[in-house]
Amino acid sequence: MRLSILTLTAITTLLVAADASAQTYDPRYPVCMHVYTPGGGFGGGGGDYFDCSFTSLPQCRATASGRSASCDLNPYYAFDQPPQQRRRHKKVQ
C-alpha cells in the first residue's frame, strides 16, 4: 500500500513539474503570431506556440495567411508613449 502511494505521489510530482514553460512573448517586437498546431496535449506532440518577430499587423497577417494562426499585439512590448508634461505653477505676486 505504501509503495503504491509513493509511486502515485512521484508520478503526480513529475507531471506537475513538466508543465512549466518559458516566457512565450519576445518583448522586442510589437506583434506576435499565435500558431495552432494539431495534436496538443500530453504525449500527443504538437502544441501551440508564439512567433513574436513581426513589426506590424499586416506583416504578421501575410505570414499567417493560409495557416492555422492569428496575429495579436504583444502585451509585453513597450509601445512608445508621449512624454507627460510637467505642470508649472505660476508664482503669485
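This is a short walk through a predicted model, one selection at a time.

Because the model is predicted, local features need pLDDT of at least 70 and side-chain atom pairs count only at pLDDT 80 or more, while totals for chains, interfaces and linings use all residues.

**Stop 1: the sheet.** Switch to cartoon and find the 3 strands, which make an open, antiparallel sheet in the order β2-β1-β3. At the edges sit β2 (49–54) and β3 (69–73), each pairing on one side only. From one strand to the next the twist averages 30°. Strands here are DSSP runs of E, at least two residues, and helices are runs of H or I, at least four, numbered from the N terminus; two strands pair if DSSP finds at least two bridges between them.

**Stop 2: β1 against β2.** Select residues 31–35, which are β1; this strand pairs with β2 in the antiparallel sense over 4 bridges. Now pick V31 and look across to β2: F54 stands opposite.

**Stop 3: the helix.** Select 57–64. This is α2, lying across β1, β2 and β3 and running at about 170° to β3. (Axes are lines fitted to C-alpha atoms, for helices over the stretch in contact; angles run from 0 to 180 degrees between N-to-C directions.)

**Stop 4: C32 and C52.** C32 and C52 make one, with sulfur atoms 1.9 Å apart. C32 lies in β1 and C52 in β2, so the bond ties together parts 20 residues apart in sequence. The S-S torsion of C32 and C52 is about 110°, so this disulfide is right-handed. Both C32 and C52 are buried (under 20% relative accessible area; exposed is over 50%, partly exposed in between; 1.4 Å probe, protein chains only).

**Stop 5: C60 and C71.** Here a disulfide joins C60 to C71, S to S 2.1 Å. It links C60 in α2 with C71 in β3, 11 residues apart. The torsion about the S-S bond of C60 and C71 is about -90°, so that disulfide is left-handed. C-alpha to C-alpha, C71 and C60 are 6.2 Å apart.

**Stop 6: around C71.** Which residues does C71 touch, leaving out those up to four places away in sequence? Select V31, C32, M33, L57, C60, R61 and A64; contact means heavy atoms within 4.5 Å. C71 is buried, at 13% relative accessible area.

Notes
Residues numbered from 1 in each chain as written. Heavy atoms only, no water. Disulfide = S-S within 2.5 Å.
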